[in-house]
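Subject: A structure for you to explore

Hi there,

Here is the structure I promised to pass on to you. Please open it next to this email and follow along as you read.

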Amino acid sequence: MCQKKHNDCICNQKKTDECHLCQKKHNECHCDFKKHNLVRASAFRANKNTPQLYKAAVTPSVKVLYQTEQFDLANEYNPHISTFIPTKNGVYEITAKVSFCPKKSKSDKSSKNKKDSCNCDYCKKDSCNCDYCKKNHSSKDKKIHSSKAGYAASISINVNGDDIDIENDFFEKSRTIQLSVTTIIQLQAGDRVQVMFSAGANGEILAEAPLTNFQAARFPSPM
């Protein structure tokens with residue numbers, strides 16, 4: 001029995017189309033002697049470890065920073081620039097998530113204070129519960145509530161400066177939101193994959209690993 005690689009083996013065992021190590025046919029062999037024919041696995045996952053301030057008027061669209069690398073099988077993710085750069089051509093599944101907390105505006109605070117310090121037009125008392133207030137102030141409160149301003153937000157997977165897939169929605173300004181996007185795309189070695197975020201409100205991208213993360217994996221494919 002020889003100790004040569006499959007392509008170099010000329011012993012009698014190759015004539016039977018069987019591997020001389022695991023005794024399986026060459027096409028079914030998964031022993032160490034066939035490692036030189038395998039494509040290295042490609043997959044990574046990264047999380048955000050510090051909050052990221054967002055100002056809509058200054059930077060309408062920003063690159064989301066994912067600074068903590070959980071794993072990177074082929075050393076293709078750079079946490080310093082939050083960019084995935086595949087070393088092999090192939091089909092990849094890419095997923096990105098963002099958790100965003102909008103900042104309350106001064107107008108929101110002032111309207112809340114105005115409501116709290118409201119005087120009754122009839123009896124001139126604070127926090128009055130008379131029939132006049134029930135009829136008039138309650139309707140005003142409903143009007144204020146229904147006119148709450150909302151904002152649009154989006155997350156996108158960006159390859160070489162172009163948005164490949166995007167997810168967006170419209171939200172109330174008063175609550176934290178989560179956005180996620182997933183795509184399957186054919187990438188070339190050297191492509192630069194990043195995650196972009198935009199919103200119509202100032203706020204903060206939260207550092208919560210389950211809700212703010214970036215990951216990708218290559219599908220098995222022939223060489």
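Let me begin with a term: rings of Phe, Tyr and Trp (its six-membered ring) pair if their centres lie within 6.5 Å, and planes under 30 degrees apart count as stacked, over 60 as edge-to-face and the rest as tilted. With that in hand, you can look for the cluster that ring pairs make out of F44, Y66, Y77, F84, Y92 and F214.

Two notes on reading the model. It is a predicted one, in which local features need pLDDT of at least 70 and side-chain atom pairs count only at pLDDT 80 or more, while totals for chains, interfaces and linings use all residues. Residues are numbered from 1 along each chain as its sequence is written, and side-chain values use heavy atoms, leaving out hydrogens and water.

**The overall picture**

The protein has 3 helices and 13 strands; helices (H or I, at least four residues) and strands (E, at least two) are DSSP runs, numbered from the N terminus. Of its 223 residues, 34% are buried. Here buried means under 20% relative accessible area, exposed means over 50%, and partly exposed is in between, with a 1.4 Å probe and protein chains only. The protein exposes about 14,100 Å², and carbon and sulfur atoms supply 50% of that. Such areas come from the Shrake-Rupley method with a 1.4 Å probe; for residues, only the protein chains shown count as cover. Contact means heavy atoms within 4.5 Å. Among contacts between residues at least 6 apart in sequence, 67% join residues at least 24 apart.

**The aromatic pairs**

The structure holds 11 aromatic pairs. One of them is F44 with Y77, which is stacked, at 4.6 Å centre to centre and 10° between the planes. F44 lies in strand β1 and Y77 in strand β5 (residues 77–78), so this pair ties together parts that are 33 residues apart in sequence. F44 is buried at a relative accessible area of 1%, and Y77 is buried too, at 3%.

Y54 and F100 form an edge-to-face pair, 5.9 Å centre to centre with 90° between the planes. Since Y54 lies in strand β2 (residues 52–54) and F100 in strand β7, the pair ties together parts that are 46 residues apart in sequence. Both Y54 and F100 are buried.

**The core**

A nonpolar core is a set of buried Ala, Val, Leu, Ile, Met, Phe, Trp, Tyr and Cys residues joined through side-chain atoms within 4.5 Å. The largest one here has 33 residues, and those with the most contacts inside it are Y66, F84, I94, F100, F197 and F214. The elements that give two or more residues to this core are β1 (43–47), β7 (90–102), β8 (150–159), β10 (177–187), β11 (193–199) and β13 (213–218). In soluble globular proteins, nonpolar side chains tend to be buried together.

Which residues does F84 contact, leaving aside neighbours within four places in sequence? Among them are F44, Y77, Y92, L187, V193 and F214.

I205 is in strand β12 (residues 203–205) and is buried, with a relative accessible area of 0%. The C-alpha atoms of I205 and V64 are separated by 8.2 Å, although these residues are 141 residues apart along the chain. Beyond four places in sequence, the contacts of I205 include V62, V64, V98, F100 and F197.

T95 lies in strand β7 and is buried at 14%. T95 and I157 are 62 residues apart in sequence and 8.1 Å apart in space, C-alpha to C-alpha. Not counting residues up to four places away in sequence, T95 touches V181, T182, N213, F214 and Q215.

**Two positive phi values**

Most residues other than glycine have a negative phi. N75 has a positive phi near 55°; N75 sits in the loop between β4 (68–72) and β5. S82 has a positive phi of about 50° and is found in the loop between β5 and β6 (83–84). Are these two buried or exposed? N75 is exposed, with a relative accessible area of 64%, whereas S82 is buried, at 1%.

Enjoy exploring, and write back with any questions!

Best wishes
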